[in-house]
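Let's walk through this structure together, one region at a time. Keep the viewer open and follow along as we go.

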Amino acid sequence: MSASMLIEAFAEHRRRGFEESRQERHTSFNAPFRAHTDSSSGHGGRYSLMLRNRIYYGLKPFVPQFLRTAIRRKLAMRLRKQIGDVWPIMPGSERAPENWPGWPENKQFAFVLTHDVESKAGLARCRSLMELEHDLGFRSSFNFIPEGSYRVPAELRQELTANGFEVGIHDLKHDGHLFSSRRKFSRRAARINAYAREWGASGFRSGFMLRNLDWLHDLDVQYDASTFDTDPFEPQPQGRHTIFPFWVPNPDGDSIRSQQSAVNSSSKGYVELPYTLPQDFTLFVLLQEKTPEIWMRKLDWIAQHGGMALVDVHPDYLCFDNAIATPTEYPVGHYKSFLEYVSRHYGGVFWNTTPRKVAQFCARIASDVPSQE
Ligand SMILES: [Zn+2]
């Protein structure tokens, strides 16, 4: 296959994803806290998406990063002009679920910081990022790829947790093939569960935010964070249209539970934590924003409605100190000034905590609220 065909195939995949996201129309989402339906709907749609993803991620290693970023940037800029009514705010997603009891200690909103570590470059910046957040009084979670392009040093994991940060799991290999078949997913889930036990991790996020919430019951985790309220820039662009966490009950929960001698904390279901602020890569690398203004305005809106502000910041794209940013990096000052803004304007009224603690809080609500079935 020639280089130009590869590029065309690559661009086509992105274009199809973007076009589907444009068709995404607001639907009223105000389900009870325990109710869950997988909005990735029809099987036909899901299988054509799986096939497209299989082709796309098969070709991806052969298209250089700079070219992929250039194509994505061009398409993202074009898409942005068409989605003002659903991004960065999806109207209707601010409605709290039925039975929502509010945040602990009467806090007005939750503020959750998460990081996916994509490469060796990101791994090398984890400590600096941890120190920056620590100095400003914040805690976050760092999600590592167990079988990716780097090995996760046990000392780093221990240092993070000793300082009140959380360690989570980001995909298994981060190759885009995690959901390519049911059987493959089950095999990989067993390996993910082994890493979760070894690392003491209780949270998961998939690579490229690909997902199938029904299959995720195979994972022995308390929460997943692979969904979002609205993000038409992602390859699987269907949003959940809510700025609140929700419970995903396991349809076989009770039978699994009775078969197991040890009580598995995730056997009844898991908590889904959608990210509700745009990803840093989208804002600063694709759309080339020069300030964190979009984060601030969205956070104001989430705070006003008492939701959960959850962001995914990748150390891989952060340019620390006085280094010159590469085309896929942005100044760490954007992130820092966003955190300072939150402290300055909302000190004392938000719950900054790790996603694990949000999940524990939500699991308690789910067990208090009667099932909707
Ligand atoms: Zn990733």
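Ser180 counts as partly exposed, because 18 C-beta neighbours lie inside 10 Å and a residue needs 20 or more to be called buried. Bear in mind that this is a predicted model, here and in everything that follows. You will find Ser180 in the loop between β3 (166-170) and α6 (182-199). Setting aside residues up to four places away in sequence, Ser180 touches Met50, Asn53 and Arg54. Leu210 sits 30 residues from Ser180 along the chain, and the C-alpha atoms of these two are separated by 9.9 Å.

Asp171 lies between β3 and α6, and its phi is near 60°, a positive value in a residue other than glycine. Is Asp171 buried or exposed? Asp171 counts as buried, because it has 26 C-beta neighbours inside 10 Å. His174 belongs to the loop between β3 and α6 as well, and phi of His174 is likewise positive, near 60°, again in a residue other than glycine. With 20 C-beta neighbours inside 10 Å, His174 counts as buried; the cut-off for that is 20 or more.

Which strands pair with β1? One of them is β8 (residues 308-312), which runs parallel to β1 and is joined to it over five bridges; within this pairing, Leu113 has Val311 as its bridge partner. Another is β2 (residues 140-144), also parallel to β1 and also linked by five bridges. Here His115 is partnered with Phe142, and Asp116 stands opposite Asn143. To get from β1 to β2, the chain passes through helix α4 (residues 120-135), and this β-α-β crossover is right-handed. β1 also pairs in the parallel sense with strand β11 (residues 350-352), over three bridges, and in that pairing Phe109 stands opposite Phe350.

Follow the chain into β2 and look at its side chains. In a regular strand, side chains alternate between the two faces of the sheet. In β2, Ser140, Phe142 and Phe144 point one way, while Ser141 and Asn143 point the other way. β2 pairs in turn with β3, in the parallel sense and over four bridges, and Ser141 has Glu166 of β3 as its bridge partner. Helix α5 (residues 154-162) lies between these strands in the chain, and β2, α5 and β3 make a right-handed β-α-β unit.

Helix α9 (residues 293-305) has 13 residues and reaches 19 Å from its first C-alpha to its last, close to the 18 Å expected at 1.5 Å a residue. Its buried residues include Trp295, Lys298, Leu299 and Ile302. Seen down the helix axis, the buried residues of α9 fall within an arc of 105°, so they line one face of the helix. Arg297 and Gln304, on the other side of α9, are exposed. What do the buried residues of α9 pack against? They pack against β1, β8 and α10 (332-346). Just after the helix, Gly306 takes a positive phi of about 70°.

That brings us to the interior. In soluble globular proteins, nonpolar side chains tend to be buried together. The largest nonpolar core in this model has 73 residues, and those with the most contacts inside it are Val112, Val271, Ala309 and Leu310.

One last stop is a backbone detail. The peptide bond from Trp87 to Pro88 is cis, with omega near 0°. Pro88 has its place in the loop between α3 (65-80) and β1.

Terms used: Residues numbered from 1 in each chain as written. Predicted model: local features only at pLDDT ≥ 70, side-chain atom pairs only at ≥ 80, totals over all residues. Core = buried A, V, L, I, M, F, W, Y, C linked by C-beta atoms within 7 Å. Buried ≥ 20, exposed ≤ 12 C-beta atoms within 10 Å, placed from the backbone. Pairing = 2+ DSSP bridges. Helix = DSSP H or I, 4+ residues; strand = E, 2+ residues; numbered from the N terminus. Right-handed = clockwise from strand over helix to strand, strands pointing away. Expected span 1.5 Å × (residues − 1). Arc of directions from axis to C-beta. Contact = placed C-beta atoms within 7 Å.
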